[in-house]
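Student: I am new to this model. Please pick one part and walk me through it closely.

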Number of protein chains: 2
Amino acid sequence: MKVTVLRLGHRIFRDKRLTTHICLIARAFGADTVIFSGEEDKSIVESVSDIVERWGGPFEVRYEKNWKAFIKKFDGVKVHLTVYGKPIQDTIEKIREIKQNLLIIVGSQKVPSEVYNIVDYNIGVTQQPHSEAAALAVFLHEFFQGKELKKQFENGKIEIAPQEKGKKVIKIN
Amino acid sequence: MKVTVLRLGHRIFRDKRLTTHICLIARAFGADTVIFSGEEDKSIVESVSDIVERWGGPFEVRYEKNWKAFIKKFDGVKVHLTVYGKPIQDTIEKIREIKQNLLIIVGSQKVPSEVYNIVDYNIGVTQQPHSEAAALAVFLHEFFQGKELKKQFENGKIEIAPQEKGKKVIKIN
């Protein structure tokens, strides 16, 4: 069972940092792949690939022009995170039980209305305006029930040794 | 017991969206106040105040020039979210038990090293690079144990009625 995150509507100038955060959140909180749509942006692929090389994987990032075809042909359960959707606390248990691949869709400012109709679940992480970064992180945290906090990555070059004060980075490999 | 979020090192041009997200995450996930430091930026206060007016409160946002004095004189427990800190899963229980005010500090790119020393806890939400937005959201979600997802806000003008498909906004007041 693989978890894929699809970031819709990326705009090179306006969304560079938030899309990068979305990619890193997907990786850190246990997803396998992140795909972004909207404007093609090699710098996103490069900076996330650089993180994967240094901090470990496996994790894939790539651009997809045709998000609609991608969603439609995705083999698995499709979830769209939106403030308008059903509360996560009422739906997450059902989603945890699926034994299929999972696609989690997060938008940028405006999500085309057809997205709401071609997914299996529209889910709200609170019914308040906040951030697609927060929605994705809390959704993955709930989906993996906190186990993702201890995820081990492979073939990285550095690792953090947690400290009460200060910083300690360990070089491996 | 009040929860305050302190966002360090705001830069007007580079951080506008992320700092706004931090403020909205603080509000949506149950904090009472957000304070930002770094460059003074009225647009942050205005846009977050506008959200509070439309979606409800109480929630306070304000700028503080002297973050160091603010942290030092804060009456309560001080937590700094940093990838270098101790894992959240090992520390959150102790923090939940405090009966004092809580200050949660999140940085921007570079956090001055003295921050690590003037707080009570340095806590990592994973030991992987991702996003201060995600770290804050997951920390608050863990701190409030999911109860924040149902938080009711007061005196807002609009509210969302969760839907399986589509969008439904209710006008109140």
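Tutor: Two residues are in contact if their C-beta atoms, placed from the backbone, lie within 7 Å. By that test, B:Leu136 touches B:Val5, B:Ile22, B:Ile25, B:Ala26, B:Leu81, B:Ile104 and B:Val106, leaving out residues up to four places away in sequence. The model is predicted, so local features need pLDDT of at least 70 and side-chain atom pairs count only at pLDDT 80 or more, while totals for chains, interfaces and linings use all residues. Residues are numbered from 1 along each chain as its sequence is written, with chains lettered from A and ligands numbered from 1 in the order in which they are written.

Now the close look: helix α2 of chain B. Helices (H or I, at least four residues) and strands (E, at least two) are DSSP runs, numbered from the N terminus. α2(B) covers residues 42-55. At 1.5 Å times one less than its number of residues, its 14 residues should span 20 Å, and its end C-alpha atoms are 20 Å apart, which agrees.

A residue is buried if 20 or more other C-beta atoms lie within 10 Å of its own, exposed if 12 or fewer, and partly exposed in between. B:Ile44, B:Val48, B:Ile51 and B:Trp55 of α2(B) are buried. They cover an arc of only 50 degrees around the axis, so they sit on the same side of α2(B). That arc uses the directions from the helix axis to the C-beta atoms. Their cover includes α1 (12-28), β2 (33-38), β3 (60-63) and β7 (158-160) of chain B.

The face turned away from that buried side carries exposed residues, including B:Lys42, B:Glu46 and B:Arg54. After α2(B) comes B:Gly56, with a positive phi near 105 degrees.
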